Amino acid sequence: MPRIESSITIPVPIDDAFSLSMSQQDVRYEWDPFVVEQRLLNNAERPARGVQSLTKSRHRLSMVSEYTAYNRPKQVGMKLVKGPPFFSAFGGGWSFKALDENTTVATWRYTFTIRPTWLAPIANPIGSWLLGRDIDKRLAHFAKGGTNPDLVARARQQLDGEPPGN
C-alpha cells in the first residue's frame, strides 16, 4: 500500500494550525486549492471521530470519508467510505507538532490501494506522484493561509464557536 507524506513548518500556534486544517466551506475554499466543495454530513456541526464528510476535488472526483481519529490539536485520521472506483481503500492523516508556542510542523499523509490489483504496478507510481504533488501544493497554500489572521480567526470560530478576535 503506497504511503505519501509531506511536512511544512508554519509560523502559527498548534491550535490555530489544527483549526485551519479542519475548516469547512468558505474558509476552506480560501486556502485549499484541492477542494471545490466540502461539507459535513448527517447534520454534523463539527468534525469528530465517526463524522462523515463529502469532498469534491478540483479533479472532479467526489468522496465520502469518515473521521477515524480526531485528537485536537495533534492528529486527525480519515478513511474512504465511498469514492472513486479506482480506490479499493484510501486514507488520510494530518499531524501537528508544536516546535514552540508560535511555530508548528504540519505533516499530511495519504495511503491508498488501487483496484483492480493487476493495475497496481502501473497505477501506484502514478497515484503516488499525483497525490504527492497535491499534498505539497495543499501544504504550501495551508501555510500561506496560516499567515492570514482573519482566516485563522474564522477557522477557529467554525471549530469552537468563538467570535473572531477572542
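**View 1. Threonine 55 and the residues it touches.** Leaving out residues up to four places away in sequence, threonine 55 touches Val35, Glu37, Gln38, Leu61, Ser62 and Met63 (contact means heavy atoms within 4.5 Å). This is a predicted model, so local features need pLDDT of at least 70 and side-chain atom pairs count only at pLDDT 80 or more, while totals for chains, interfaces and linings use all residues. Residues are numbered from 1 along each chain as its sequence is written, and side-chain values use heavy atoms, with hydrogens and water left out. Threonine 55 sits in strand S3 (helices, H or I of at least four residues, and strands, E of at least two, are DSSP runs numbered from the N terminus). Why does threonine 55 count as buried? Because its relative accessibility is 9%, and buried means under 20% relative accessible area, exposed over 50%, and partly exposed in between, using a 1.4 Å probe and protein chains only.

**View 2. Threonine 55 with glutamine 38 and glutamate 37.** The side chains of threonine 55 and glutamine 38 make a polar contact at 3.1 Å. For that term, look for a pair of N or O atoms within 3.5 Å; within protein, one must be able to donate a hydrogen and the other to accept it, and residues adjacent in sequence count only if both atoms are side-chain atoms. Glutamate 37 is 18 residues from threonine 55 along the chain, yet their C-alpha atoms are separated by 5.7 Å.

**View 3. Arginine 156 and aspartate 16, a buried pair.** Their side chains meet in a salt bridge, 2.5 Å from N to O (a side-chain nitrogen of Lys or Arg within 4 Å of a carboxyl oxygen of Asp or Glu). Arginine 156 belongs to helix H4 (residues 149-160) and aspartate 16 to helix H1 (residues 14-21), so the pair ties together parts that are 140 residues apart in sequence.

**View 4. Aspartate 134 and arginine 58.** Here's another salt bridge between side chains, at 2.7 Å from N to O. Aspartate 134 is in helix H3 (residues 120-146) and arginine 58 is in the loop between strand S3 (52-57) and strand S4 (62-71), so this pair links parts 76 residues apart in sequence. Aspartate 134 is buried at 6% relative accessibility, whereas arginine 58 is partly exposed at 35%.

View 5. The side chains of glutamate 5 and arginine 3 form a salt bridge of 2.9 Å, N to O. Glutamate 5 is partly exposed at 44%, and arginine 3 is exposed at 54%. Elsewhere, salt bridges link Asp26, Glu30, Asp150 and Arg154 in a network. The count for the model comes to twelve salt bridges.
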